[in-house]
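Subject: Structure for your review

Dear colleague,

Please find the structure below, handed over for your use. My notes on what was found in it follow.

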Amino acid sequence: MDIDSQTDTWADINTLRTPAYTEPSEDDVLALQEAIAEAADAMAWRISERARAHRAAGEEAPERVVLAGDYQLALLYSLRQAAAAVERRAAAAARTAGHQGAGYPQLGAAWGITRQSARAKWPHAVPSRAHLPQPPVPVQHAGGTAAVLHQPDTDDLWMFTALAADGSKRVSPAEYTSSAAAAHAARTFLADHTAL
């Protein structure tokens, strides 16, 4: 695979499609639910002490074993493990989708909950703006130019670099809490250093 096709492949993977999925048919949902139920039943059958006792005696456990309360406890345990696996898989899917551009509204819709509930359920699935670089903001004032830059590694702070009309240069520290504050400081610097 050449570099261009690899780039195209990654560009495609990193582009969130809308809609992300089609609603499954009732048969699809039932098939998934049946597969999960069968997996939990199979585990319960393997771990049930009642079923094991029959197998240890060289007998095939009768189907009525599933009616016993202790078997149902084994099934309940199996279903808890299945639920834990679903939760782990859901958290991983939410984190991957969030890092690929999905927001909490999309995560919530996929899970059937509100965006607020999705944020509470997976608080780190969607990176905060503080962890994503923002594009530079150009500033032109008093014959000079500046660029306001986001510094994601400094608690979401902003800075500016400027070249004034009189040739003065300035690189500010990352100390501004918004792009607007950094742009204001850049304009002030440019106004103080106009051409003679």
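Does A185 count as buried or exposed? At 17% relative accessibility, A185 counts as buried, where buried means under 20% relative accessible area, exposed over 50%, and partly exposed in between (1.4 Å probe, protein chains only).

Some conventions apply to what follows. The model is predicted, so local features need pLDDT of at least 70 and side-chain atom pairs count only at pLDDT 80 or more, while totals for chains, interfaces and linings use all residues. Residues are numbered from 1 along each chain as its sequence is written, and side-chain values use heavy atoms, with hydrogens and water left out. Helices (H or I, at least four residues) and strands (E, at least two) are DSSP runs, numbered from the N terminus.

A185 sits in helix α7 (residues 179–192). Leaving aside neighbours within four places in sequence, A185 is in contact (heavy atoms within 4.5 Å) with F160 and Y176. A185 and F160 are 25 residues apart in sequence, and their C-alpha atoms are 8.2 Å apart in space.

F160 also belongs to the largest nonpolar core, which has 14 residues; V148, F160 and L190 have the most contacts inside it. A nonpolar core is a set of buried Ala, Val, Leu, Ile, Met, Phe, Trp, Tyr and Cys residues joined through side-chain atoms within 4.5 Å. Two or more residues of this core are given by each of β2 (144–151), β3 (157–163) and α7. The largest share, 6 residues, comes from α7. A second, separate core of 9 residues includes A51, V65, A74 and L75. As for V148, its contacts beyond four places in sequence include W158, M159 and F160, as well as S179, A182 and A183.

Helix α4

Helix α4 (residues 69–99) has 31 residues and, at 1.5 Å a residue, should span 45 Å; its end C-alpha atoms are 45 Å apart, which agrees. The expected span here is 1.5 Å times one less than the number of residues. Buried residues in α4 are Y71, A74, L75, S78, A90, A94 and G98. Their cover includes α2 (26–47) and α5 (104–111). After α4 comes G101, with a positive phi near 115°.

S48 lies in the loop between α2 and α3 (49–56) and is buried, with a relative accessible area of 1%. A polar atom of the S48 side chain lies 3.2 Å from the backbone nitrogen of A51. Not counting residues up to four places away in sequence, S48 touches R55, V65, Y71 and A74.

The helices α2 and α3 pack at an angle of about 60°, with their axes 5 Å apart. Axes are lines fitted to C-alpha atoms, for helices over the stretch in contact, and angles run from 0 to 180 degrees between N-to-C directions. That angle makes α2 oblique to α3; angles under 35 degrees count as roughly parallel, over 145 as roughly antiparallel, 65 to 115 as roughly perpendicular and the rest as oblique. The contact is made by W45, R46 and I47 of α2 with E49, A51, R52 and R55 of α3.

Backbone geometry

Most residues other than glycine have a negative phi, and most peptide bonds are trans. The peptide bond from T18 to P19 is cis, with omega near 0°, and P19 lies in the loop between α1 (3–13) and α2. A142, a residue other than glycine, has a positive phi near 50°. A142 is in the loop between β1 (137–141) and β2 and, at 35% relative accessibility, counts as partly exposed.

Yours sincerely

Definitions and conventions: Polar contact = N/O pair within 3.5 Å; in protein donor to acceptor, adjacent residues only side chain to side chain.
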